[in-house]
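Trainee: I've got a new structure open and I'd like to learn how to read it. Could you walk me through it, feature by feature?

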Amino acid sequence: AALSASPKWKNGPTVCDEVATKCTGVWLMRARSYTIPIMTQHRTTPGDRPFERLAVVGAGNMGSGIAQKMATEGFSVTLVDLDDEKVARGLGIIEKTLNDGVERGIFAAADAAAIRARVTGTARFEDLGNVDLVVEAVFEDMAIKKTVFRRLDAVCRPDAILATNTPSYAVTELASATTRPERVLGLHYFYHPAKNRLVEVVSGQATDPAAYRPYLRVPFRIPS
């Protein structure tokens with residue numbers, strides 16, 4: 001099955017209790033005038049490791065939108081799916097969305113080109129060996145998500161953060177598929193992630209606050 005497929009909604013364990021007790025924050029990301037004071041509040045503190053290289057697994061509408069959002073914020077992003085055809089489709093979605101933005105006057109053509117240049121695609125999980133943060137954005141199937149997390153756990157650096165975009169499964173359950181549950185968290189981008197300014201950060205029962213603190217700034221690096 002393709003990572004980027006979009007089947008009908010499947011019922012499963014909810015994260016209501018986890019969100020209620022563990023939700024780190026939900027932010028409405030505004031224009032620069034609102035962003036600057038928030039960024040100041042979450043600036044790097046001693047012990048925080050700089051992060052620049054992000055990745056998204058799943059090149060469907062959601063995953064490609066998250067990758068575009070990250071690139072818009074100035075990060076280098078790797079978009080991953082099962083094969084080159086699916087990766088190319090995801091990159092095509094980004095290009096179309098950016099072109100639409102240029103036509104509507106949201107982006108200057110040069111800015112859109114710069115955003116697109118920050119996103120690279122691959123069908124090789126091994127290419128994620130040096131990323132700082134990877135967001136899983138495959139469809140809502142627990143078994144497939146756990147398979148993705150096991151693969152990420154095997155190839156990513158021990159200090160890398162593994163995140164899930166799931167709105168329906170518990171972060172703690174997904175983290176159990178890894179050897180680093182303290183470095184697994186939820187980054188729930190609301191649809192459409194390239195246009196919507198709402199991001200929810202959710203920790204699991206084992207998530208170490210010191211591990212995810214630097215990534216609270218990811219949604220705030222908005223250059224426009």
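Trainee: Let's start with helix H6. How many residues does H6 have, and how far does H6 reach?

Mentor: Keep in mind that this is a predicted model. Helix H6 covers residues 142-155, which makes 14 residues. From its first C-alpha to its last, H6 reaches 20 Å, close to the 20 Å expected at 1.5 Å a residue.

Trainee: Which residues of H6 are buried?

Mentor: Here's the general idea: an α-helix has 3.6 residues a turn, so residues three or four places apart point the same way. Now the case at hand. Met142, Lys145, Lys146, Val148, Phe149, Leu152 and Asp153 are the buried residues of H6. They span an arc of only 155° around the axis, which puts them on the same side of H6. Ala143 and Ala154, on the other side, are exposed.

Trainee: And what do the buried residues of H6 pack against?

Mentor: Quite a list! They pack against strands E2 (53-57), E5 (133-136), E6 (161-164) and E7 (184-189), along with helix H7 (171-175).

Trainee: What happens at the start of H6?

Mentor: Look at Asp141 there: one of its side-chain oxygens comes to within 3.0 Å of the backbone nitrogen of Ala143.

Trainee: I noticed Lys145 among the buried residues of H6. Which residues does Lys145 form salt bridges with?

Mentor: In general, side chains of opposite charge can pair when their charged atoms come close. In this model, Lys145 meets Glu136 in a salt bridge at 2.4 Å, N to O. Lys145 also forms a salt bridge with Glu140, where the closest N and O atoms are 3.0 Å apart.

Trainee: What about the nonpolar side? Which residues have the most contacts inside the largest nonpolar core?

Mentor: As a general rule, in soluble globular proteins, nonpolar side chains tend to be buried together. The largest nonpolar core here has 30 residues, and those with the most contacts inside it are Val56, Ile66, Met70, Val77, Leu79 and Leu187. Helix H3 (residues 61-72) gives the largest share of this core, five residues. Apart from this core lies another one of 22 residues, including Val57, Val134, Met142 and Leu152.

Trainee: Let me zoom in on Met70. Which residues is Met70 in contact with?

Mentor: Setting aside neighbours within four places in sequence, Met70 touches Leu54, Val56, Phe75, Val77, Val135 and Tyr189.

Trainee: Last one: which peptide bond is cis?

Mentor: Go to the bond from Tyr191 to His192, which is cis with omega near -10°. You'll find His192 in the loop between E7 and strand E8 (198-203).

Terms used
Residues numbered from 1 in each chain as written. Predicted model: local features only at pLDDT ≥ 70, side-chain atom pairs only at ≥ 80, totals over all residues. Heavy atoms only, no water. Helix = DSSP H or I, 4+ residues; strand = E, 2+ residues; numbered from the N terminus. Expected span 1.5 Å × (residues − 1). Buried < 20%, exposed > 50% of the residue type's maximum accessible area, 1.4 Å probe, protein only. Arc of directions from axis to C-beta. Contact = heavy atoms within 4.5 Å. Polar contact = N/O pair within 3.5 Å; in protein donor to acceptor, adjacent residues only side chain to side chain. Salt bridge = Lys/Arg side-chain N within 4 Å of Asp/Glu carboxyl O. Core = buried A, V, L, I, M, F, W, Y, C linked by side-chain atoms within 4.5 Å.
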